[in-house]
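Dear colleague,

Please find the structure below, together with its sequence. I would be grateful if you could read the notes that follow it alongside the model.

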Protein chains: 2
Amino acid sequence: MHYKELIKTIKERREVLQVTQEGLAELAGVGLRTLKQFESGKGNPTLLTLHKISDVLGMEVCLRIKNVTHTK
Amino acid sequence: MHYKELIKTIKERREVLQVTQEGLAELAGVGLRTLKQFESGKGNPTLLTLHKISDVLGMEVCLRIKNVTHTK
DNA sequence: CTTTATAGTGCATTATAAAGCATTATTTCA
DNA sequence: TGAAATAATGCTTTATAATGCACTATAAAG
């Protein structure tokens, strides 16, 4: 999952759950500015920040073996 | 995946691939100190750092819906 | 044991994430 | 339309991640 995809996932999930950035930031216990920074593709959140945000959205950070099959 | 699990995953993967911290740090383009910090459970890496490390190990960071089934 | 390779830690510096506040841009909807 | 809600951005401060270097600890091999 590339950075952009992570962002997209979070953003979509937040929207599906009908939560505003403000709401999510509050629930997750991260600064609103930090969340905005992240969702707008700027910045480079720490694992902890990403975890807190994901957690509230019912998601979790994980590591997966990369699929390296280059099926054209 | 909790923080400890992420660490364990990375560490195990590195060992399976027979790479030293020094080798991995170099390949991933992160400071040796940073990798050590991470693997020894201290610190809170940025997404970029985690990505660089995972990448070299053939893994990727992803977000997954949490399994919230509390089957006792 | 002693040597050698690898991993962990203390200390210091630099870069940057986290955060708040004020402001502007954009979207939404009555 | 235009008002209200939501999102984005500039500026600034504070906390801390990233880093290097030197040193210690541990493990593996002779």
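The notes below concern the interface of chain A and chain B.

This is a predicted model, in which local features need pLDDT of at least 70 and side-chain atom pairs count only at pLDDT 80 or more, while totals for chains, interfaces and linings use all residues. Residues are numbered from 1 along each chain as its sequence is written, chains are lettered from A and ligands numbered from 1 in the order in which they are written, and side-chain values use heavy atoms, with hydrogens and water left out.

Chain A and chain B each bring 23 residues to the contact (heavy atoms within 4.5 Å). Between them they bury about 2,600 Å², 61% of it on carbon and sulfur atoms (accessible area, 1.4 Å probe, lost on being put together and summed over both parts). On the side of chain B, Leu47(B), Glu60(B) and Leu63(B) lose the most area to chain A, together 29% of what that side buries.

Strand S1 of chain A (residues 59–65) runs antiparallel to S1(B), and seven bridges join the two (strands are DSSP runs of E, at least two residues, numbered from the N terminus; two strands pair if DSSP finds at least two bridges between them). Within this pairing, Leu63(A) stands opposite Val61(B).

Four salt bridges are counted between the chains (a side-chain nitrogen of Lys or Arg within 4 Å of a carboxyl oxygen of Asp or Glu). In one salt bridge, Arg64(A) meets Glu60(B) at 3.0 Å, N to O.

With kind regards

Methods
Buried area is the accessible area (1.4 Å probe) that two parts lose on being put together, summed over both. Helices (H or I, at least four residues) and strands (E, at least two) are DSSP runs, numbered from the N terminus.
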